[in-house]
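Have the structure open beside you as you read.

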Amino acid sequence: MEKNDLITAREMPNPDAVVATARAEGPWSDLALHSIGWKAFQDLCSQVCEEVLHRPVAIFREAQDGGQDAVFLIRSADDAASQVGSVQCKHSSNASQRLKASDLTPELEHVEQLVAGDQAHTYIFMTSMSVDAPVAAELRRRLHALGVKKAHVLGKQYLVRAIRSSARLRALVPQVYGLGDLSAILDQRLVQQTRALLDHWIPKLKVYVPTAAHRKAVNALNEHGVVLLLGNPSTGKSAIGAILSTIASEDMRHTVLNLTSPRDFDAGWNPHDPGRFFWIDDAFGSNVVREEYVQDWASTFRKVQAAISRGNRFLLTSRRHIYEAAKWRLGQRNLPMFVDGRAIVDVGDLSPSEKGQILYNHITFGAQTQSWKRSVKPYLEEVAAVPEFLPGIAERLGDPSFTKSLAVTEGELLRFMREPKEHLIDTINALDDPLRAALILVYVHQGAMPHNAIDAAAASVVSELTGVAAPRIRDSLAELKGSFLRTAVVAGTETWSFAHPTIADALTSILRERPHFIAALLRGASIETILGTFVCEGMRSMQDAPIIPATLDDVLVARLSRIPNETSINWSMFRFLAERASDKVFERVVVADDEILRRESWQSHRVSHDPKVQAHARAYRLGWLDEYDQTQTAARLREAALRDFDLSFFEEGDILRLIPAAEVISLGMKMRSKTLVEAPERIQAVAEDADLDEDPESHFENYSRGLEILSEFEDLDASTEELIDEARQAMAAAVEDITERKEAEDKPDHKAEWNYMSPVPREQESKPVAPAAPARRSIFDDVDR
């Protein structure tokens, strides 16, 4: 091979900039590169060079250590180059292994040989391992010291982005994906599923009343690209979301995707299609806040901002108390327009005329008989004037399924509107046993029960509890469709779900009053339902969460002791142990299984928010954390501080106590003598590798908060304060640099494409509206026509 057959360093594209171009998202948040084997990984590196860097490669040397790595030479584009670039690839079969600076040591001699032979003017180190910015900076320094002019260290994160960028690349190395690129098929299936869901709402267009909240939602979408609809149950959040999504879907330029969780976003976002409208109902959980959703949104919101900048639109809904619980957990990782309230709309504030029109529409177009409508007509003005008026309850008033036991008197009609939950409880209790059993069966499936995959154990328990045979329960589901239940497609599977979340709320209240029901559900409900929904007696109460009385501790401990050792379930288990289990339950669980606190789990973006760390802190406070687990967690906390500048645990006394006092002092000395001194260089390295799709400040959240924590310590010496100031200046410069690079990208403005959705012209929206003339007749005059 001749030198002039190889690429020059001047012509070689910057690898870190390549995947900043528009990319087609696949359905992953991660790829198991460790599992494909070294040869497949070597082929992958070769294909990345050819498909992403647009340069053919030739194998120069197979490794001498069992075939775990190889070196490629990169051909020149014009065959006239005098300089050569080399690519070193290194594979590890350990999923959690991170690249260490010492991993390059065995290759230093070969690098020297390549430099001496004029074959390493540019040197790229590709690895399946995760790469931290400080390690990458150190490796680049070593390579420069050996004579490499341009050095790049590309780890797992870069390769995942590259694979997500190219369908051809995924097809060329099918081990990482499958037999082909299914992203288009998956997208089309998701579109069809959403369309089927919207079909459920299209008939409701005739009763829909565009309110001030509706108009504010449209304006927020036009101005900010995102809106969060907040309100109590039955205020009409889902109706606004569904109607705006339906309107968007009617325009062929737009694709509406209904997502059930933040993780679905990776499968649905395609920056090449700026017309996507994402609708996420109950974004942070339906009945109680779902910690895994909050955890996922904390990282996904960065991508949401990038998607918005490319013309995509987002509509989220949430109950107010659930969002408030999620808000403080999100912290600075929340969307800026949610933090300051610019894109939040309170759905519950209705004018008297809006209330009257909503009630009129539901009664007029509802399924009640004409004689019933005629009998309630004299009282509808008073019902519409109830301060607690809710659109969702007005809809139920027009449905005979919910009014069978309702006396047609002014007092009962007003109570129906003022105390909807109590009436719904009465209604469910009045159902035939098979129908009520069917609702309970859906409840124990967390409100999403697959048609053809009903949990046999849950069905058996509900059957025993209610005295209704399991086949009869299943047959009763169809009778509830359209009133209490509806069908939907969740994650590609047709499921039974509640027609409205308040039905689950009412069932929760019913079960709370019947301890034998709770006992049966603890035995038969899925462990995910127990961990994500229930709370032990004596712990901090959670709105709408069933309480497990202390008399059922034996049943609960028995279920917890059989939790399968799976990463996702372990995360929920640690959260339950840290926040929802009583001290006695916590003690019995960790004593019965001395390995349970050592299980592997997802790691949170901040160590102080990690449920495993929080569970360990609680175990230490209660005297049930052994020395080994304390040592391991203390090491993790030190690593978070020294490697990631994550000092959040300094604000949590229970967590900080996991580190022995002497080691805290040692940690402080290392922070002062090394980490703080190197902070500007690390910040610069982060900026160089920054993903321009993300918010510039988001790359430095740990540094920003960490520097605040350090500056709050008393009696800091002048030199330490100077280092803190230098780090802040470096961070400001890095943010400015990323912002300039981000703004340099060509990002067309697609806002105008969505203006057609607004029912009120913007110039009219800003003008004061003259009060309407007094009505000469009641809006309900012809309700019984």
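The lining of the largest cavity is made up of 2 nonpolar, 6 polar and 1 charged residues; here Ala, Val, Leu, Ile, Met, Phe, Trp, Tyr, Cys and Pro count as nonpolar, Asp, Glu, Lys and Arg as charged, and the others, Gly among them, as polar. Those lining residues are His34, Ser92, Asn94, Ala95, Gln97, Ser128, Met129, Ser130 and Lys156. A cavity is a set of points on a 1 Å grid over the protein atoms alone where a 1.4 Å probe fits but cannot get out, and lining residues have an atom within 4 Å of a point.

This is a predicted model, in which local features need pLDDT of at least 70 and side-chain atom pairs pLDDT 80 or more, while totals for chains, interfaces and linings use all residues. Residues are numbered from 1 along each chain, and side-chain values use heavy atoms, without hydrogens and water.

The largest cavity holds about 50 Å³, a volume being the space filled by probe spheres set on the points, which are joined across faces, edges and corners. The second largest cavity has about 40 Å³ and is lined by Arg540, Met542, Glu579 and Arg580. Its lining has 1 nonpolar, no polar and 3 charged residues.

Now for the backbone. Phe645, which is not a glycine, has a positive phi near 60 degrees. Asp715, also not a glycine, has a positive phi of about 60 degrees. Are these residues buried or exposed? Phe645 is buried at 0% relative accessible area (under 20%; exposed means over 50%), whereas Asp715 is exposed at 77%.

Definitions and conventions. Buried means under 20% relative accessible area, exposed over 50%, partly exposed in between (1.4 Å probe, protein chains only). On a 1 Å grid over the protein atoms alone, a cavity is a set of points where a 1.4 Å probe fits but cannot get out, and a pocket is an open set with protein on both sides within 12 Å along at least five of seven lines; lining residues have an atom within 4 Å of a point.
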